[in-house]
Protein chains: 2
Amino acid sequence: MSPGIYNKSYLMTAGPTPLPPAVSQVMAEPILYHRAPAFIEIYERALAGLKRVFQTGNDVLAFSSSGSGALESAVANLTTAGEPAVVASAGKFGERWAELCTAYGVDMTHLEFDWGTKIDPETVDEALSSLDRPARALFVTHSETSTGVVHDVRTLAEIARKHDTIIVVDAVSGMGAVTLPQDEWGVDVVVSGSQKALMSPPGLGFASVNERALEAAAANATPRYYFDWVKTSKGQRKSPADSPFTPAVTVWRSLDIALGMIEEEGLENVFARHAALARAARAGIAAIGLERFGPDDDGANVVTGAHLPEEIDGARLPKVMRDDLGITVAGGQGHLKGKIVRIAHCGYYGAFDIIVAMSGLEMALKRLGYECEAGAAAGAAEQVLIDAGSPEPVGKT
Amino acid sequence: MSPGIYNKSYLMTAGPTPLPPAVSQVMAEPILYHRAPAFIEIYERALAGLKRVFQTGNDVLAFSSSGSGALESAVANLTTAGEPAVVASAGKFGERWAELCTAYGVDMTHLEFDWGTKIDPETVDEALSSLDRPARALFVTHSETSTGVVHDVRTLAEIARKHDTIIVVDAVSGMGAVTLPQDEWGVDVVVSGSQKALMSPPGLGFASVNERALEAAAANATPRYYFDWVKTSKGQRKSPADSPFTPAVTVWRSLDIALGMIEEEGLENVFARHAALARAARAGIAAIGLERFGPDDDGANVVTGAHLPEEIDGARLPKVMRDDLGITVAGGQGHLKGKIVRIAHCGYYGAFDIIVAMSGLEMALKRLGYECEAGAAAGAAEQVLIDAGSPEPVGKT
């Protein structure tokens with residue numbers, strides 16, 4: 001088939017996210033030996049940059065892995081078979097904690113909240129109180145990519161602290177999109193990956209681990225090797241810093257460029273940009289009569305979920321957008337398949353990405369038989385972007 | 001300044017035009033020696049591909065130069081100081097023919113038509129009739145990038161043939177965007193460049209020269225060296241083909257990829273795509289009350305010019321779009337500065353580029369004090385794109 005006017009591809013998912021050109025291009029440079037000074041300089045600079053984005057004084061331990069590898073590192077280093085731990089989930093990624101705990105034979109209490117709702121802190125508090133032995137860890141999610149919900153990590157960390165339980169937060173999609181000041185909020189472990197708001201290719205997983213959690217890991221006999229925090233921490237604390245296994249050097253080079261861009265933009269400005277894009281997406285879907293999926297939370301700025309109209313075959317929407325229009329967006333996962341669409345604005349996204357997403361969403365909905373005015377969603381998003389992005393109008397002559 | 005939500009750059013001019021990623025990326029490959037078989041294969045394949053896009057059996061002579069270098073090659077090879085030639089112009093690029101003829105001391109008849117109008121064939125006919133000696137050449141423009149007008153090359157070629165005059169057409173921005181079947185229309189010389197609808201970086205100029213024009217060049221004593229057609233033709237006709245001077249090898253590699261993409265899309269589909277994008281742009285500007293610049297010609301599909309509202313400071317519009325929104329568009333040139341804006345859809349452009357251009361145009365106009373509804377231009381363009389690009393709606397469940 002000729003591509004016709006839909007000849008370009010737009011990656012509009014929450015990960016892998018689109019890469020800034022400078023981030024892509026650096027991978028074309030000659031590969032570096034990972035013990036050469038040229039690489040060590042990049043590696044050390046990126047490790048320092050990660051600490052600023054994680055808003056922490058901890059070492060951010062890095063693994064050549066996906067984000068799920070870093071999740072596993074937390075379970076392997078903190079839990080013990082037969083010992084209690086609590087998982088609070090409200091979506092597909094939250095459930096991954098439960099799958100990991102099951103795999104490790106943990107005596108797990110799994111608090112399952114409805115997809116699209118927020119984890120209820122009181123329920124977590126009660127669950128931790130009702131255990132006969134202290135939980136080794138509380139596993140929760142920051143931005144739940146499957147629903148767009150951003151959970152109240154600050155309150156959950158307070159509850160964990162009250163019970164002297166280590167809290168581990170999956171911030172794979174949220175890190176660098178919405179704030180998570182680890183040290184200020186007293187979060188013991190924050191896990192993330194390179195391929196979302198950090199605007200880099202997939203291939204690096206991170207675990208920012210505080211001293212308390214590192215000590216717990218050192219005292220924990222659960223078998224692990226590749227994902228061992230103590231070994232990784234020792235390597236990274238060497239001078240020069242050293243990765244215990246060959247690091248994914250091209251991904252590090254990309255990450256170094258991306259972190260430099262975040263630094264230059266300023267973390268607060270990065271969060272403000274995500275907030276403005278999310279407001280625009282919310283205004284856009286409302287303008288064509290779609291209801292937002294999830295609570296009305298103006299801090300949920302990573303992914304905007306929208307209920308699809310009942311009269312269309314919702315499962316076909318992402319396929320129409322991708323195959324007919326060139327726009328890759330995510331539909332619903334699990335039991336939400338065909339029920340929702342998810343508009344990402346996580347990482348290297350800007351004003352006109354939302355315009356394209358809204359225009360493409362309208363086109364696809366119309367093709368599937370939903371009636372809406374061409375340009376209504378794009379126009380509503382545009383008005384929000386105008387209000388957010390422009391200072392004073394410069395005025396007439 | 002923080003880039004905020006306008007963090008991405010959109011190149012939306014009629015040259016250099018945006019490059020497809022595969023075209024950009026091939027330049028990162030190791031440089032090739034221009035006499036190595038690996039390069040000769042690319043060079044010969046691209047020369048063959050050029051003939052298909054030029055719709056000609058002629059050799060398309062190639063120079064490491066801008067398009068203007070290829071224009072100069074035509075004047076240097078065909079004209080003689082003191083001998084007559086006719087230039088018919090209606091814009092900045094048409095005037096370049098006159099500047100070149102002046103530089104070469106040609107006895108020039110310069111027919112100047114108002115910018116934004118079409119060259120009148122009858123006036124050209126009369127001018128050629130009124131000369132006391134036959135004109136060495138008639139120089140005209142195909143797509144006049146400064147105004148968006150596409151001239152009637154077919155009729156102008158008929159007139160030149162009637163007077164036994166060689167016609168030379170500047171198709172720098174039009175080649176590969178709107179049809180110009182050189183052999184079918186009997187055009188002696190067609191000049192173009194790599195950086196417009198051929199979706200490649202600047203650096204290569206082309207002159208497709210028929211036998212009659214090549215013979216005229218061989219008989220012409222006007223001094224030239226680098227741009228000599230006979231020398232270039234001899235080199236390209238060798239086996240293996242040979243460029244008389246070191247070719248711009250990275251640009252050739254890009255051009256080879258780009259020509260392959262045109263081949264794959266199909267030339268007729270490429271023209272249909274440009275036509276659909278132009279219709280969308282015309283509908284968009286009309287929806288916010290802007291008048292089209294130039295005649296109402298549905299074949300002018302390279303650049304859409306729009307009169308700017310009188311009440312705004314039009315010269316600031318391209319600056320606001322670029323500096324505030326990240327979109328590089330062209331304003332008016334020469335005496336049209338501040339009076340018009342030019343929306344390009346020439347080369348690697350697709351549906352959502354027009355959506356972005358329309359949304360950005362609205363935003364910029366509003367910032368400058370013009371009242372229009374957010375999303376009106378984008379919506380009108382979207383409706384045209386829906387009608388143009390989608391087959392049947394797939395329908396409800």
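Student: Over how many bridges do strands E9(B) and E10(B) pair?

Tutor: Helices (H or I, at least four residues) and strands (E, at least two) are DSSP runs numbered from the N terminus, and two strands pair if DSSP finds at least two bridges between them. This is a predicted model, in which local features need pLDDT of at least 70 and side-chain atom pairs count only at pLDDT 80 or more, while totals for chains, interfaces and linings use all residues. Residues are numbered from 1 along each chain as its sequence is written, and chains are lettered from A and ligands numbered from 1 in the order in which they are written. E9(B) and E10(B) run in the antiparallel sense, with B:Val190 having B:Ser208 as its bridge partner in E10(B), and the number of bridges between these strands is five.

Student: How many of the six residues of E10(B) are buried?

Tutor: A residue is buried if 20 or more other C-beta atoms, placed from the backbone, lie within 10 Å of its own, exposed if 12 or fewer do, and partly exposed in between. In a regular strand the side chains alternate between the two faces of the sheet. Here B:Leu204, B:Phe206 and B:Ser208 point one way, B:Gly205, B:Ala207 and B:Val209 point the other way, and all are buried. The strand, residues 204-209, is thus mostly covered, and the count of buried residues is six.

Student: Which residue of E10(B) stands opposite B:Phe63?

Tutor: E2(B) pairs with E10(B) in the antiparallel sense, over five bridges. Within E10(B), the residue that stands opposite B:Phe63 is B:Gly205.

Student: Which strands stand at the edges of the seven-stranded sheet of chain B?

Tutor: The sheet is open, its pairing is mixed, and its order is E2-E10-E9-E8-E5-E3-E4. An edge strand has a single partner strand, so one side of it is left without a neighbour in the sheet. The twist averages 20° from one strand to the next, with axes fitted to C-alpha atoms (for helices over the stretch in contact) and angles running from 0 to 180 degrees between N-to-C directions. The strands at the edges are E2 (60-64) and E4 (107-112) of chain B.

Student: What angle does the direction of helix H4(B) make with that of E3(B)?

Tutor: H4(B), residues 92-103, packs on this sheet and touches E3 (84-89), E4, E5 (137-141) and E8 of chain B, where contact requires C-beta atoms, placed from the backbone, to lie within 7 Å. E8(B), residues 166-170, pairs in the parallel sense with E9(B), residues 189-193, over three bridges, and B:Val169 stands opposite B:Val190. The angle between the directions of H4(B) and E3(B) is about 160°.

Student: Why are H5(B) and H6(B) described as roughly parallel, and at what angle do their axes cross?

Tutor: Angles under 35 degrees count as roughly parallel, over 145 as roughly antiparallel, 65 to 115 as roughly perpendicular and the rest as oblique. The axes of H5(B), residues 121-130, and H6(B), residues 153-162, come within 10 Å, and their crossing angle makes the two helices roughly parallel. The contact is made by B:Pro121, B:Val124, B:Asp125 and B:Leu128 of H5(B) with B:Thr155, B:Leu156 and B:Ile159 of H6(B). The angle at which the axes cross is roughly 15°.

Student: In which hand does H5(A) pass H6(A)?

Tutor: In chain A, the axes of H5 (residues 121-130) and H6 (residues 153-162) come within 10 Å and cross at roughly 15°. A crossing is left-handed if the near helix is turned anticlockwise from the far one by less than a right angle, and right-handed if clockwise. By this convention, H5(A) passes H6(A) in a crossing that is right-handed.

Student: How many residues of the side of chain B that touches chain A are charged?

Tutor: 53 residues of chain B are in contact with 53 residues of chain A. On the chain B side, H11 (267-287), H12 (317-325), H13 (351-367) and H14 (376-389) each supply at least two residues. Ala, Val, Leu, Ile, Met, Phe, Trp, Tyr, Cys and Pro count as nonpolar, Asp, Glu, Lys and Arg as charged, and the others, Gly among them, as polar. The division is 24 nonpolar and 16 polar, and the number of charged residues is 13.

Student: What distance separates the C-alpha atoms of B:Ala287 and B:Gly379?

Tutor: B:Ala287 is found in H11(B) and counts as buried because it has 21 C-beta neighbours inside 10 Å. Leaving aside neighbours within four places in sequence, B:Ala287 is in contact with B:Ala376, B:Ala377 and B:Ala380. B:Gly379 lies 92 residues away along the chain, and the separation of the two C-alpha atoms is 8.6 Å.

Terms used. Two residues are in contact if their C-beta atoms, placed from the backbone, lie within 7 Å.
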